Amino acid sequence: MVIYTVTVNTGKRLSAGTTSSISIQLRGTEAESEEQILNNLNQGSESTFEIETRKSLGELIAVKLNFKQLGHLCNEWFCKKISVNTPEGDNILFPCYRWLDCGEILVLRTAQALLVFQDRTEGQRHRTKQLEKRQELFGWRVYDQGMPQIIDCDDESLLPAEVRFSFTKSVEFFSTAAKQFVYQMVNQLADNQNSWESFRTLEDFYSGIKNETIEYVKEHWDEDEFFGYQYLNGFNPMMIQRCSKLPENFPVTNDMVKDSLSGSSLEQELKKGNIFLSDYKMLDGLVGNVINGRQQYLTAPLVLLYCNPQGKMMPIAIQLKQKPSKENPIFLPSDSKEDWRLVKIFVRSAEFGVHEVDFHLLRTHLLAEVFTVATLRHFPSPHPLFKLLIRHTRYTLQINILARNKLISADGILSKYAGVGGEPLVYFLKRATASLTYSALCFPDNISERGLENVPNYYYRDDGMQLWEIINKFVAAFLSNYYKQDDHVQKDTELQRWISEIFTNGFLARDDSGIPSSFQTLEELIKFVTMVIFSGSAQHAAVNNGQYDFGGWMPNFPSGLKKPPPKEKGQTTEDTILETLPDKSTTVNIMSILSLLTNDSADYYPLGYFPENLVDEDAPLKLIEDFQKNLSKLSDRIEKRNEKLELPYTYLNPKNVGNSVSI
Ligand code: FE2
């Protein structure tokens, strides 16, 4: 007889333990052990026991866990890991780090990462079986033609246990103190469809909110300098680009703007590269939603900005619609205070549309869901890319199902309270999907395409570029450890199926997107994986985490506008502006959702730190350690820089960047 000593670790999280009957079986290259029932699976426990077999099982390949459901009584188990001391003297780790559903059979592989052609026949059989099961559990669904496909599940409680929220996150999601305060505000005004009587009433209403950035925004939202600042360092730093030639439909003349150009001319400043443009043409032609029975008005503005000698980005001309005409005048900072304020409000409302639908929902949430589903369907647990990417998929499916059910469904918050909600959202999302490109998703390419390499005080670019490089360096080193040559990339059938499905189901097989449909070289793979991790972590943090800070003060981020844009100058009064802005119920409902979408939960892990350890080989462990060190150094640099800033830019501080789209 020979003896295997088995140690089983149960997770520390709430309700991780189980009294249900679970059996274990060891599987080797030569034989399999008898099934044996596990005991003492208490929360946070480590229990050791022995399994006897008549002879050695050969090289240990897997451990099978069988959750036997006896009657109706059954409580799920969170298995952390299992390690086995073999009679040959080896200690073999089988990472698990997931819930086991009642009645589930789970086969765990060893921690060693292997590409499919490196695995032995028995291992390959396990891989195939695991993927068949996952492909049954995680199917694709067409949400609507022309949009990335989604997970085939519309109730988050029906998702397999391995991808559901932890108990902590579920409980916290709707119940932190800060959220409670906003809910009280919502309760007071949830059904009040009146406009705000004055800016003073609005300010008084916000007086109980203790949020330094909201206070700052409340004070500065109407200033041109802050309006321009947000194009660089607000929660949508994606809309601005350098302008070397004015678009034909935006006939700004030197006479119009020369007073704003510090004694220079428009032609000179265009040549010098100091003129910038934000063109919302993506919104052109969309008809606004109806909120509380009132038609909402969407515009597709063109905003011209000037980076002045002090390095401030200043708006110098705004045209609210795409087609120039007498009834679509070009507004200037020299127009009446009310005119200029109102057109800037229209621009900020256009920001609501492009930010929430394109830059937030599509480019982070929906793409992260595509990457998550493809990862679960095509990478078995021993695949190095499973070990690398699964951490960046945490809670993504669940949060997206919640978003579909609570935000964009027929009675969701955006459908009820956003000018871009409802039909225009679907239309716009399809338009944005149809024009999405690979280069727009790759940070350095995006910055250079927009000509923003040298703009001063662009902290999103400065921090984002360093984060991209740190992630890229880590991904390159991690993958090079397994893919020794391009040929390995080409013959990894699991990888090729993964990218092919992303191309087809996520990017709708659009060749002009530039998204690869297969990989030929390691270099191509490294860039793509960097983009996947960056989009779900850094990019999502940049566009998500400042929503309440910058958007909480309603006039700075109005979700819909209930009067048409001005057709001539000199007609706007403060009353026109208050009549145009969202009513009270829209204000508080949108505020509550922005607050909900911004807070992190107690089981949040910052980029590079993970609750599970899926690798135990020295080389990747060292790479993870180096990755964490580099992130921590970047944090220090950002914090030092921020000390000198009037408004610190914190969203890309690695400490504040989550690993995945989870909120
Ligand atoms: Fe988000």
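Helices (DSSP runs of H or I, at least four residues) and strands (DSSP runs of E, at least two) are numbered from the N terminus. This is a predicted model, in which local features need pLDDT of at least 70 and side-chain atom pairs count only at pLDDT 80 or more, while totals for chains, interfaces and linings use all residues. Residues are numbered from 1 along each chain as its sequence is written, and side-chain values use heavy atoms, with hydrogens and water left out.

View 1. Welcome to the first close-up! The largest pocket has a volume of about 1000 Å³. Its lining holds 45 residues, and Cys96, Tyr97, Arg98, Glu162 and Phe386 are the closest to the pocket centre. Two or more lining residues come from each of β6 (77-85), β7 (91-100), β8 (105-109), α1 (121-137) and α10 (384-389). Helix α1 supplies the largest share, seven residues. A pocket here is an open set of points on a 1 Å grid over the protein atoms alone, where a 1.4 Å probe fits, with protein on both sides within 12 Å along at least five of seven lines; lining residues have an atom within 4 Å of a point. A volume is the space filled by probe spheres set on the points, which are joined across faces, edges and corners.

View 2. Of its 24 lining residues, the closest to the centre are Met238, Gln241, Met282, Phe359 and Arg363. Elements that give two or more residues to this lining include β11 (241-242), β12 (275-279) and α9 (337-378). Which element gives the most to the lining of the second largest pocket? Helix α9 does, with four residues.

**View 3. Helices α16 and α19 cross at roughly 135°.** The axes of α16 (residues 459-480) and α19 (residues 522-544) come within 9 Å. Axes are lines fitted to C-alpha atoms, for helices over the stretch in contact, and angles run from 0 to 180 degrees between N-to-C directions. The two helices α16 and α19 are therefore oblique to each other (angles under 35 degrees count as roughly parallel, over 145 as roughly antiparallel, 65 to 115 as roughly perpendicular and the rest as oblique).

**View 4. Helices α9 and α13 pack at an angle of about 60°.** Here the axes of α9 and α13 (residues 423-434) are 10 Å apart. Helix α9 passes α13 in a right-handed crossing.

**View 5. Helices α18 and α19 pack at an angle of about 55°.** The axes of α18 (residues 493-506) and α19 are 13 Å apart. This time, α18 passes α19 in a left-handed crossing.

Notes. Left-handed = near helix turned anticlockwise from the far one by under 90°.
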